[in-house]
Amino acid sequence: MPIHCHNRVLLLLAFIALAACALPFVNFAPNRLLSGEGRALWQVWSFTPGLLTAALAMVALLAFCTGRTALILTLILCELLFALLVWSAGQAATHLVAVESPLARTSVGSGLWLWLALCLLACSDAVRRLTTQPLWRWLLNAQLWILPVAILIGGDLNQLSLLKEYANRQDVFDNALIQHLTILAGTLIPAVVIGVPIGLWCYRHPLRQGPVFAVLNVIQTVPSVALFGLLIAPLAGLVKAFPALGTLGIAGTGLTPALIALVLYALLPLARGVLAGLGQVSSDVLESANAMGMSARQRFWKVQLPIAMPLLIRSLRVVAVQTVGMAVIAALIGAGGFGALVFQGLLSSALDLVLLGVIPTIALAVVIDAVFALWLALLKGRKDD
């Protein structure tokens with residue numbers, strides 16, 4: 001009787017993970033200044049090849065099994081493997097520091113990065129197959145991070161070079177986080193205040209949509225660095241003409257041009273989201289609301305807005321994640337944030353410092369995206385009830 005593979009994605013991920021064994025597990029350098037050399041997994045831990053082979057064999061075997069039980073076992077196994085890999089990276093760093101030198105720097109190797117990504121992909125695939133409920137999917141994906149976060153808080157990763165860099169620059173990192181969140185809040189609030197009314201205005205006046213979206217499209221196509229640069233001279237001239245603006249913190253460089261540019265970039269997704277959300281309200285629904293004696297304001301707040309809300313939230317989700325990423329570029333004009341760490345690391349050829357800015361940026365974007373996903377899941381659950 002032929003054996004069929006019921007989960008080809010999982011089987012493919014297992015084969016890629018096996019091939020990733022040829023890549024370095026960690027990179028070891030005698031100190032912060034010297035470039036590191038790759039260390040394979042078995043060069044750090046002698047017992048791991050057999051353990052890893054057994055885990056990959058179990059994952060491959062589960063690809064040939066059907067039913068919810070197989071999916072649950074896949075999720076549990078890949079989740080534990082993910083946590084084990086995170087923990088083993090910290091243990092490898094601790095071991096190498098003890099054996100080699102206290103000044104040694106151990107960073108995550110390309111092989112470990114790939115294994116971690118494959119584990120997350122396998123978990124995500126298992127969650128997608130387990131349930132179609134958005135809220136349950138969100139909860140199952142969120143609980144994947146409980147063990148890794150516990151390992152991080154417990155101090156098991158403190159000997160990794162990235163955590164050492166954080167310990168040396170904790171005050172700078174905290175200030176960068178505050179600045180990045182300030183840029184995010186300073187972009188989203190004005191963007192909503194301006195973008196939502198533009199979308200409403202375009203919905204009520206269809207003939208104005210062409211010129212408005214033509215302007216917003218042009219803004220969107222201008223590269224971020226160019227737009228930041230274009231704003232420097234006008235703002236500097238404005239402050240020179242009206243010195244009182246300088247006392248309010250307005251300047252040609254820094255936070256002001258960054259916020260203006262990021263708000264301009266946010267207008268197109270928000271306006272389109274409002275227009276698309278309101279446009280999906282059918283005329284039959286509006287006629288029914290009219291027949292019930294609702295006023296125009298009541299129709300908007302009780303009928304149109306609730307129906308359009310999911311699309312508006314998705315647009316805001318795109319804007320928030322986009323802003324977190326583009327705020328890194330804003331550091332070039334002195335806006336601060338994690339981008340300052342990234343460019344400082346690039347100028348000094350310090351990879352750990354670059355990662356100290358890049359990884360929190362990615363983590364912040366993922367967290368914000370997860371918050372919006374939870375909001376949408378709760379909104380869908382309320383509608384289903």
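Reader: How far apart are the end C-alpha atoms of helix α15?

Author: This is a predicted model, and in it the end C-alpha atoms of α15, which covers residues 296–329, are only 43 Å apart. A straight helix of 34 residues would reach 50 Å at 1.5 Å a residue, and α15 falls short of that.

Reader: Okay, and where in α15 does the kink lie?

Author: The kink, of about 50 degrees, lies at L305, shortly before the proline P306.

Reader: Changing topic, how do α9 and α10 pack?

Author: Helix α9 (residues 170–204) and helix α10 (residues 209–221) pack at an angle of about 150 degrees, and their axes are 9 Å apart. Angles over 145 degrees count as roughly antiparallel, and the two helices are therefore roughly antiparallel to each other.

Reader: Which residues meet there?

Author: From α9 there are I198, W201, C202 and Y203, and they meet Q209, V212 and F213 of α10. Sorted by class, this contact has six nonpolar residues and one polar residue, with no charged ones.

Reader: What about strands, what order do they have in the sheet?

Author: The order is β2-β1-β3 in an open sheet of three strands, with antiparallel pairing. Because β2 (37–39) and β3 (105–108) stand at the edges with a single partner strand each, one side of each is left without a neighbour in the sheet.

Reader: How many bridges pair β1 with β3?

Author: Strand β1, residues 26–29, pairs with β3 over four bridges in the antiparallel sense, and N27 stands opposite S107 in β3.

Reader: And which helix lies across those strands?

Author: That is α4 (residues 68–99), which lies across β1, β2 and β3 and runs at about 25 degrees to β1.

Terms used: Residues numbered from 1 in each chain as written. Predicted model: local features only at pLDDT ≥ 70, side-chain atom pairs only at ≥ 80, totals over all residues. Heavy atoms only, no water. Axes fitted to C-alpha atoms, helices over the stretch in contact; angles between N-to-C directions. Parallel < 35°, antiparallel > 145°, perpendicular 65-115°, else oblique. Contact = heavy atoms within 4.5 Å. Nonpolar A, V, L, I, M, F, W, Y, C, P; charged D, E, K, R; others polar. Expected span 1.5 Å × (residues − 1). Bend = angle between axes of the 7 residues up to and from the residue. Pairing = 2+ DSSP bridges.
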